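Morning, everyone. I have one model to walk through. Please look at the sequence and the structure first.

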Amino acid sequence: MPDCCQSCMARIPYATLIATLMCLLGVGIFCGTMYRGASLTVIMMDQVFHLRLIWIEAVQMIFVIIAAGMAALGFMILFVGFLATGATRYKVYRAWRSRVGGRISCAVLMGITYLLNFVWTLILCFLVVVTFIYTMFWNMCSSVEHSLSCIDLTQFHFMFPPNTKLEDMKVCEKYEIKAFCKDGVENAEVMFILATLSTLLVILSLVHYLMCLSANYAHIRDHEKFQELQEIQNLNELEYSATSKDRF
């Protein structure tokens, strides 16, 4: 039983497994917090500025697609990691075609992961800008609580539709200030901060995936060389046994 457990433990790609857990955790937090943050933004824009952001629903659906796609990619890389680890590699990649297929699959997954790393870096930059804007909103809300004045958002006119009036960009009523500050900005700010941190975790997992896939590619390539040496050794042993029989 200990030998069986040790053999099973030797077949587990721990590095790829850790990267997969990091990726799933980061993507889960990102999609959940962004979905909630987008919902809070929609409610705030509707109650305070009377603007209906219909396109936010499409963005929320994109979050669901991102979660499903990243989960599928993580499990595919984990599956390749299991095939290229321990004694499983010697059984799966014994034939020439299987070794070529394994190297191609690792190369394709490395290319996809590399492109996704750029995409998530762009998402991180976008979230940093959004978090910075909401932080400024938060500071404006804190200053308004002490001065009891209006919140002037005219400097953020680029966030509003082109035909929005300047007076509509000011929040003066108490219920509007509460809906903007307490119900909207304060809760959404926390969501976007968590989304930014989770994006960093996803980028770290993708870098970890690249290292694991590179190592698996090298293992499969070296296994091909080992297989060729093994075949040469077997041929030499057959020739030696044949010549020894001829002598006697």
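Y134 is buried, at a relative accessible area of 6%. Buried means under 20% relative accessible area, exposed means over 50%, and partly exposed is in between, with a 1.4 Å probe and protein chains only. F192 also counts as buried, at 6% relative accessibility.

A word on the source. This is a predicted model, where local features need pLDDT of at least 70, side-chain atom pairs count only at pLDDT 80 or more, and totals for chains, interfaces and linings use all residues. Numbering runs from 1 along each chain as its sequence is written, and side-chain values use heavy atoms, with hydrogens and water left out.

Now the rings. There are five aromatic pairs in the structure. Rings of Phe, Tyr and Trp (its six-membered ring) pair if their centres lie within 6.5 Å; planes under 30 degrees apart count as stacked, over 60 as edge-to-face, and the rest as tilted.

Take F30 and W120. Their ring centres are 5.0 Å apart and the planes sit at 70 degrees, so this pair is edge-to-face. F30 lies in helix α2 and W120 in helix α5, residues 96-147, so the pair ties together parts 90 residues apart in sequence. Both F30 and W120 are buried.

Back to Y134 and F192. Their ring centres are 5.0 Å apart with planes at 55 degrees, so the pair is tilted. This pair links distant parts of the chain: Y134 is in helix α5, F192 is in helix α6, and they are 58 residues apart. Ring pairs also join Y134, F137, F180 and F192 into a cluster.

Next, the overall layout. The protein chain has six helices and two strands. Helices (H or I, at least four residues) and strands (E, at least two) are DSSP runs, numbered from the N terminus. From the N terminus on, the order is α-α-α-α-α-β-β-α. Of the 248 residues, 38% count as buried. Among contacts between residues at least 6 apart in sequence, 81% join residues at least 24 apart. Contact means heavy atoms within 4.5 Å.

How far apart are the end C-alpha atoms of α2? They are 50 Å apart, which agrees with the 51 Å that its 35 residues should span at 1.5 Å a residue. The expected span is 1.5 Å times one less than the number of residues. After α2 comes H50, with a positive phi near 55 degrees.

L25, I29, W138, V190, I193, L194, L197 and L200 make a nonpolar patch of about 660 Å². Patches are made of residues with over 30% relative accessible area and no salt bridge; like charges are joined within 9 Å, nonpolar side chains (Val, Leu, Ile, Met, Phe, Trp, Tyr) within 5 Å. Areas come from the Shrake-Rupley method with a 1.4 Å probe, and for residues only the protein chains shown count as cover. Helix α6 gives the largest share of the patch, five residues. L197 is in α6.

Last, charges. The structure holds two salt bridges: a side-chain nitrogen of Lys or Arg within 4 Å of a carboxyl oxygen of Asp or Glu. K178 and D183 form one, at 3.3 Å, N to O. E186 and K182 meet in a salt bridge at 3.8 Å, N to O. E186 and K182 are four residues apart in helix α6, about one helical turn. E186 is partly exposed at 29% relative accessibility, and K182 is partly exposed at 42%.
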